[in-house]
Amino acid sequence: MTEVKKKILMVEDDSTISSMYKTQFEADGFDISIVNNGAAGLLAAKKEKFDLIMLDVILPQMDGFSILEEIKKDDKIKNTPVIMLTSLGTDEDKSKGIKMGAADYIVKSSLTPSQVSEKIKKIL
């Protein structure tokens, strides 16, 4: 019996970062979809069933906090775990993300993709 791969949606506008994570996540057996702006991210989250959503905060068209807010309002996807993955590391931003319902808030510079992948495995 084949194990069904967990599907992750990554909303990240920096292609260097997203390709780095894509390589790591695929190596760890995840199925990953990447979109590079907020509006497309929200659309993808509503259209397809994902096991986890990774959101950058600073994005073109719609920021990560706005997407998180929309996800939490939608009954079909509000229970999907969301991890904020961002370069904004202030305590204020972290607590805002967690208060809004993010499963975790990770500052990009503080963890490697493999460490982030380990966190995802724990959440899933």
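Student: What makes Asp63 a cap of the N-terminal end of α3?

Tutor: In this predicted model, a side-chain oxygen of Asp63 lies 2.8 Å from the backbone nitrogen of Phe65. A polar contact requires a pair of N or O atoms within 3.5 Å. The value of 2.8 Å meets that limit, and Asp63 is accordingly described as capping the helix.

Student: How do you know that the buried residues of helix α3 lie on the same side of the helix?

Tutor: The buried residues of α3, which spans residues 64-73, are Gly64, Phe65, Ile67, Leu68 and Ile71. Around the axis they cover an arc of only 160°, and therefore they share one side of α3. As a general principle, an α-helix has 3.6 residues a turn, so residues three or four places apart point the same way.

Student: What covers the buried residues of α3?

Tutor: The cover includes the strands β1 (7-11), β3 (52-55), β4 (82-86) and β5, together with the helices α2 (38-47) and α4 (91-99).

Student: Why are α2 and α3 called roughly parallel?

Tutor: Two packed helices are described by the angle between their axes and the distance between the axes. For α2 and α3 the angle is about 20° and the axes are 10 Å apart. Angles under 35 degrees count as roughly parallel, and α2 is therefore roughly parallel to α3. Their crossing is right-handed. Gly38, Leu42 and Ala45 of α2 meet Ile67, Glu70 and Ile71 of α3.

Student: How do you know that the buried residues of α5 line one face of the helix?

Tutor: Pro113, Val116, Ser117 and Ile120 are the buried residues in α5. Viewed down the helix axis, they fall within an arc of 105°, so they line one face. Among the elements that cover them are β1, α1, β3, β4 and β5.

Student: Why is Thr86 called buried?

Tutor: A residue is buried when its relative accessible area is under 20%. Thr86 has 0% relative accessibility and is therefore buried. Thr86 lies in strand β4, and its side chain reaches the backbone nitrogen of Leu88 at 3.0 Å. Beyond its neighbours within four places in sequence, Thr86 is in contact with Asp56, Val57, Tyr105, Ile106, Val107 and Lys108.

Student: Does the word buried or the word exposed apply to Val107?

Tutor: The relative accessible area of Val107 is 12%. This value falls below the cut-off of 20%, so Val107 is buried. Val107 is in strand β5 (residues 104-107). Setting aside residues up to four places away in sequence, Val107 touches Thr86, Ser87, Leu88, Gly89 and Lys94.

Student: Asp74 is in the loop between α3 and β4. Why is Asp74 called buried?

Tutor: The relative accessible area of Asp74 is 14%. The limit is under 20%, and Asp74 is therefore buried.

Student: What makes the pairing of Asp74 and Lys46 a polar contact?

Tutor: The side chains of Asp74 and Lys46 approach to 3.3 Å.

Student: Why is Lys72 called partly exposed?

Tutor: Lys72, in helix α3, has a relative accessibility of 26%. Partly exposed covers the values between the buried limit of 20% and the exposed limit of 50%, so Lys72 belongs to that class. Apart from neighbours within four places in sequence, Lys72 is in contact with Lys78, Thr80, Met100 and Gly101.

Student: Why is Gln61 called exposed?

Tutor: Exposed means over 50% relative accessible area. Gln61 has 65% and is therefore exposed. Gln61 is placed in the loop between β3 and α3. Gln61 also has a positive phi of about 75°, although it is not a glycine.

Key
Residues numbered from 1 in each chain as written. Predicted model: local features only at pLDDT ≥ 70, side-chain atom pairs only at ≥ 80, totals over all residues. Heavy atoms only, no water. Helix = DSSP H or I, 4+ residues; strand = E, 2+ residues; numbered from the N terminus. Buried < 20%, exposed > 50% of the residue type's maximum accessible area, 1.4 Å probe, protein only. Contact = heavy atoms within 4.5 Å. Arc of directions from axis to C-beta. Polar contact = N/O pair within 3.5 Å; in protein donor to acceptor, adjacent residues only side chain to side chain. Axes fitted to C-alpha atoms, helices over the stretch in contact; angles between N-to-C directions. Parallel < 35°, antiparallel > 145°, perpendicular 65-115°, else oblique. Left-handed = near helix turned anticlockwise from the far one by under 90°.
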